[in-house]
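This briefing is for a reader meeting the structure for the first time. Please look through the sequence and the model below before reading on.

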Amino acid sequence: MKLSVFTVCTPDLTPEQLITAAAAAGIEGIEWRYAAIPADAAEESPSYWRHNRCSIDPAISSERLQAIRLAAEQGGVSSIALVPYLKCGDLDTAHQAFDTAQQLGATMMRVGIPRYDRQRHYEDLETEAVRYLSGIQEMASQYGIKALVETHHETIAPSASLAMRLVGHLNPAHVGVLYDPGNLVHEGYENYRMGIQLLGPYLAHVHVKNAGWIRQDGRWQCQWMPLLEGSVPWEQIIDDLVAAGYDGYLGIEDFSGQFGSAKMLTHFASVFREQLQQHGQEV
């Protein structure tokens, strides 16, 4: 397995600074956040979802894209994925994102699935998603970039089993699942090894973060936590991934704020390199 970073969690770094910091930490892959900085956020302090300086703006020029790609190659890291915030059904925007991913040299890209807010019936949302993903599969095949459905709370794919309902009829060469155990904490629990086994060839990527439930103001609330302090037993999950023969990337997406970006990357790489080595994995 290899290590990567999703730039949503390094908002204070520019792309070039992130490339340098990732290489220094021994991280080999970068997943680029694909979103514009809102005009009213430009003067704010860096933040994950608003003033994220390590994002790629959809209006970016081809020249700037090539400069980022070249900087990554010269820094010894790979741009493994583009991570946009696509809406289910919007194939035109997906096409633009696939084109950007191709220019970066990425091999994976996250795509949209419906949110679940109790307003529409699950079966209607599933039908809509399956139709959309069929079109996405054709596009992914044309671009040579694997489309990823992420296991994410507040969507119709909060677990491995529900993600499989969306992708199980598709070709795993073109559509896969981004498995995120930290997201699973928000809506319940599904045995990690069983979920990984269920995904089989559809398991394309893994995000690394942690979360846990605390009682606050008389209510239970789920919050992001440092990597080794939340509910997700990462040592066990590494064992489960090794048992399944997974050889892809582990991508840090830490929202705990425990460290600054550069130190967070070094901490992640140190902890997970040690865990992988304990399981006989070369990193």
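The model is predicted. A search of the whole structure finds 12 salt bridges, and the count of aromatic pairs comes to eight.

**Helix α1**

- Helix α1 covers residues 15-25, and its buried residues are P15, L18, I19, A21, A22 and A25.
- An α-helix has 3.6 residues a turn, so residues three or four places apart point the same way.

**Aromatic rings**

- A pair of aromatic rings is described by the distance of the centres and the angle of the planes.
- There are eight aromatic pairs by this rule.
- The ring centres of F98 and Y143 lie 5.5 Å apart and the planes meet at 15°, so this pair is stacked, since planes under 30 degrees apart count as stacked.
- F98 belongs to helix α3 (residues 91-104) and Y143 to helix α4 (residues 122-143), so the pair ties together parts that are 45 residues apart in sequence.
- F98 and Y143 are both buried.
- For W234 and F272 the ring centres are 5.7 Å apart and the planes are at 70°, so the pair is edge-to-face, the cut-off for that class being over 60 degrees.
- This pair also links distant parts of the chain, with W234 in helix α8 (residues 234-244) and F272 in helix α9 (residues 261-278), 38 residues apart.
- W234 counts as buried because its relative accessibility is 2%, and F272 is buried with a relative accessible area of 0%.
- One aromatic cluster is formed by Y48, W49, W224 and F255.
- A charge also meets a ring: the charged end of R110 sits over the ring of Y85, at 4.8 Å from the ring centre.

**Salt bridges**

- The search of the whole structure gives 12 salt bridges.
- E154 and R115 form a salt bridge in which the closest N and O atoms are 2.6 Å apart.
- E154 is in the loop between β6 (146-150) and α5 (160-167), and R115 is in the loop between β5 (108-110) and α4, so the bridge links parts of the chain that are distant, 39 residues apart, while E154 is partly exposed at a relative accessible area of 41%.
- R115 counts as exposed, at 52% relative accessibility.
- K209 and D180 form a salt bridge, with 2.4 Å between the closest N and O atoms.
- K209 lies in the loop between β8 (203-208) and β9 (210-216), and D180 lies in the loop between β7 (175-179) and α6 (181-184), 29 residues apart.
- K209 and D180 are both buried.
- R193 and D239 form a salt bridge, the closest N and O atoms being 2.8 Å apart.
- R193 sits in helix α7 (residues 192-199) and D239 in helix α8, and the pair links distant parts of the chain, 46 residues apart.
- R193 is partly exposed, with a relative accessible area of 29%, and D239 is partly exposed at 30% relative accessibility.
- D40, E44 and R50 are joined in a network of salt bridges.

**A buried aspartate, D254**

- D254 lies in the loop between β11 (249-252) and α9.
- D254 is buried but has no salt bridge, and K209, the nearest side chain of opposite charge, is 9.0 Å away.
- The side chain of D254 reaches the backbone nitrogen of S256 at 2.9 Å.
- Apart from its neighbours within four places in sequence, D254 is in contact with C9, Y48, V208, K209, M225, L227 and M264.

- Most residues other than glycine have a negative phi.
- R118 is not a glycine, yet has a positive phi of about 75°.
- R118 is in the loop between β5 and α4 and counts as exposed, at 72% relative accessibility.
- D217 is likewise not a glycine and has a positive phi of about 55°.
- D217 is in the loop between β9 and β10 (219-225) and is exposed, with a relative accessible area of 75%.

Notes:
Residues numbered from 1 in each chain as written. Predicted model: local features only at pLDDT ≥ 70, side-chain atom pairs only at ≥ 80, totals over all residues. Heavy atoms only, no water. Phe/Tyr/Trp six-rings, centres within 6.5 Å; stacked < 30°, edge-to-face > 60°. Helix = DSSP H or I, 4+ residues; strand = E, 2+ residues; numbered from the N terminus. Buried < 20%, exposed > 50% of the residue type's maximum accessible area, 1.4 Å probe, protein only. Lys NZ or Arg CZ within 6 Å of the ring centre and 35° of its normal. Lys, Arg positive; Asp, Glu negative; His and termini not counted. Salt bridge = Lys/Arg side-chain N within 4 Å of Asp/Glu carboxyl O. Polar contact = N/O pair within 3.5 Å; in protein donor to acceptor, adjacent residues only side chain to side chain. Contact = heavy atoms within 4.5 Å.
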